[in-house]
Amino acid sequence: MNEQRAAAAGVEEEQARYREALEAELRSFLDRQRSVMAEVSADVAALMDAISGLVSGGKRLRALLGYWGWRGAGGAELAAEPIRAGAALELFQAAALIHDDIIDRSATRRGAPSVHERFTALHARSGWALDAARFGHAAAILTGDLCLSFSEEAFTGVGPAAGIGTPGRRIFNTMRAEVMAGQYLDILEEVAGPTRPRTEAVARAGTVIRYKSAKYSTEHPLGIGGALAGADEALLAAYSAFSLPLGEAFQLRDDVLGVFGDPAATGKPAGDDLREGKRTMLVALALDTADGAAAAELERGLGRGDLDLEEVGRLRDIISSTGALGATERLIDRLADEAFSALARLDVGPVVSAALEALGKAAVRRAS
């Protein structure tokens, strides 16, 4: 017990110092980019402000997993490589959020207007010509693209360990490609799902979870950190055995919160995933078990942006009554058990083990 308390204290102290170093790295990197963009035009400051706003908050899950992956593979405490890699992961996450909010037509992010809504409001305040919403979407797409470019530059700045042909670079490149493929499968399911076999919806939802979210949220960040520190294939495989089921549980928790979460905690309107027509595992399980009338009502409601709270409540009741909510919670528990069993077999020392356990528990037990 004393060893566990000491490890937990060590995690908290080291993690706080890493966060501080990461914040400084992001500020320094974006300040340099702001100077470059200022030479283009003062108007580009709006894009930089949007990026800075997004990377200034968040849970830092990906960067922290990258750091502890580095440490578990023998990397030095608070070395430059995992700090710079963490900045790259945070910038990639920001880009993904910007584009995801456009695709999902989300008006808010973390309780504030999403980036495309910020640019739409800027257009309206400024009294500019043509369509405000179209400008907002176009400006946000470009902001996300700029953020992707910054992410690549930041990762290159890690140095030789992130060079072409290295394991770290391979994982980083794979991560970026898989997210785009997973995002496409997600939007494809929204439009094609109603015409495809309902019996296969759960399997399709599982593929989306894995490639749109789980791999880039947990598996690849942990692997990148390990690879940068020289982890061998056996350690990287052991990392994946822990982090992939954890990432799937993390996304399933997000799916539950997207329908049943408290807006005060999530920063999103109640039932937002239903209005966006997200065919998550939760919805797939409900459609798989609902009777004809309930399934038809759920199908009619999905993707209706004008759903009021009463209608959201009705769709929630359908999902709950089919047993889909309970089944999803049990799946989260099973995946979490699988992840933590794999973690118990990881030989990375008590501090790194304690850090990964704490991050894992926070990921699957969160309310936002």
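His116 touches Asp101, Ile102, Ser106, Gly136, His137 and Ala140, leaving out residues up to four places away in sequence. The structure is a predicted model. His116 belongs to helix 5, which covers residues 115-126. With a relative accessibility of 3%, His116 counts as buried, because the cut-off for buried is under 20%.

**His116 and Gly136**

- A polar atom of the His116 side chain lies 3.2 Å from the backbone oxygen of Ser106.
- Ser106 is also among the residues that His116 touches.
- Gly136, another residue touched by His116, sits in helix 6, residues 132-156.
- Gly136 has a relative accessibility of 0% and therefore counts as buried.
- Not counting residues up to four places away in sequence, Gly136 touches His116, Phe119 and Thr120.
- Gly136 and Arg118 are 18 residues apart along the chain, and their C-alpha atoms are separated by 7.2 Å.

**Helix 9 and helix 15**

- Two packed helices are described by the angle between their axes and the distance between the axes.
- Helix 9 (residues 233-260) and helix 15 (residues 324-344) have axes that come within 8 Å and cross at roughly 155°.
- Helix 9 is therefore roughly antiparallel to helix 15, since angles over 145 degrees count as such.
- The crossing of helix 9 and helix 15 is left-handed.
- By class, the contact of helix 9 with helix 15 has 17 nonpolar, one polar and four charged residues.
- On the helix 9 side, the contact is formed by Ala241, Phe242, Pro245, Leu246, Glu248, Ala249, Leu252, Arg253, Val256 and Phe260.

- Helix 8 (residues 201-228) packs with helix 12 (residues 281-289) at an angle of about 175°, and their axes are 8 Å apart.
- That angle makes helix 8 roughly antiparallel to helix 12.
- The residues of the contact of helix 8 with helix 12 divide into seven nonpolar, one polar and no charged.
- Ala201, Val202, Ala205, Gly206 and Ile209 in helix 8 meet Met281, Ala284 and Leu285 in helix 12.
- Helix 7 (residues 167-192) and helix 8 also have axes 8 Å apart, with a packing angle of about 165°.
- Helix 7 and helix 8 are therefore roughly antiparallel to each other.
- The crossing in which helix 7 passes helix 8 is left-handed.
- The contact of helix 7 with helix 8 has, by class, twelve nonpolar, seven polar and six charged residues.

**Tyr211**

- Tyr211 is located in helix 8.
- Tyr211 has a relative accessible area of 30%, so it is partly exposed.
- Apart from neighbours within four places in sequence, Tyr211 is in contact with Glu178, Val179 and Gly182.
- The C-alpha atoms of Tyr211 and Gly182 are separated by 4.7 Å, although the two residues are 29 residues apart along the chain.

**Loop residues**

- Most residues other than glycine have a negative phi, and most peptide bonds are trans.
- Arg60 is not a glycine but has a positive phi of about 65°.
- Arg60 lies in the loop between helix 2 (45-55) and helix 3 (61-72).
- At a relative accessibility of 3%, Arg60 counts as buried.
- Arg105, also not a glycine, has a positive phi of about 60°.
- Arg105 lies in the loop between helix 4 (80-104) and strand 1 (108-109).
- Arg105 counts as exposed, because its relative accessibility is 53% and the cut-off for exposed is over 50%.
- Pro160 is placed in the loop between helix 6 and helix 7.
- Pro160 is exposed, with a relative accessible area of 78%.
- Pro160 and Phe92 are 68 residues apart in sequence, and their C-alpha atoms are 20 Å apart in space.

Conventions
Residues are numbered from 1 along each chain as its sequence is written. This is a predicted model: local features need pLDDT of at least 70, side-chain atom pairs count only at pLDDT 80 or more; totals for chains, interfaces and linings use all residues. Side-chain values use heavy atoms; hydrogens and water are left out. Helices (H or I, at least four residues) and strands (E, at least two) are DSSP runs, numbered from the N terminus. Buried means under 20% relative accessible area, exposed over 50%, partly exposed in between (1.4 Å probe, protein chains only). A polar contact is a pair of N or O atoms within 3.5 Å; within protein, one must be able to donate a hydrogen and the other to accept it, and residues adjacent in sequence count only if both atoms are side-chain atoms. Contact means heavy atoms within 4.5 Å. Axes are lines fitted to C-alpha atoms, for helices over the stretch in contact, and angles run from 0 to 180 degrees between N-to-C directions. Angles under 35 degrees count as roughly parallel, over 145 as roughly antiparallel, 65 to 115 as roughly perpendicular and the rest as oblique. A crossing is left-handed if the near helix is turned anticlockwise from the far one by less than a right angle, and right-handed if clockwise. Ala, Val, Leu, Ile, Met, Phe, Trp, Tyr, Cys and Pro count as nonpolar, Asp, Glu, Lys and Arg as charged, and the others, Gly among them, as polar.
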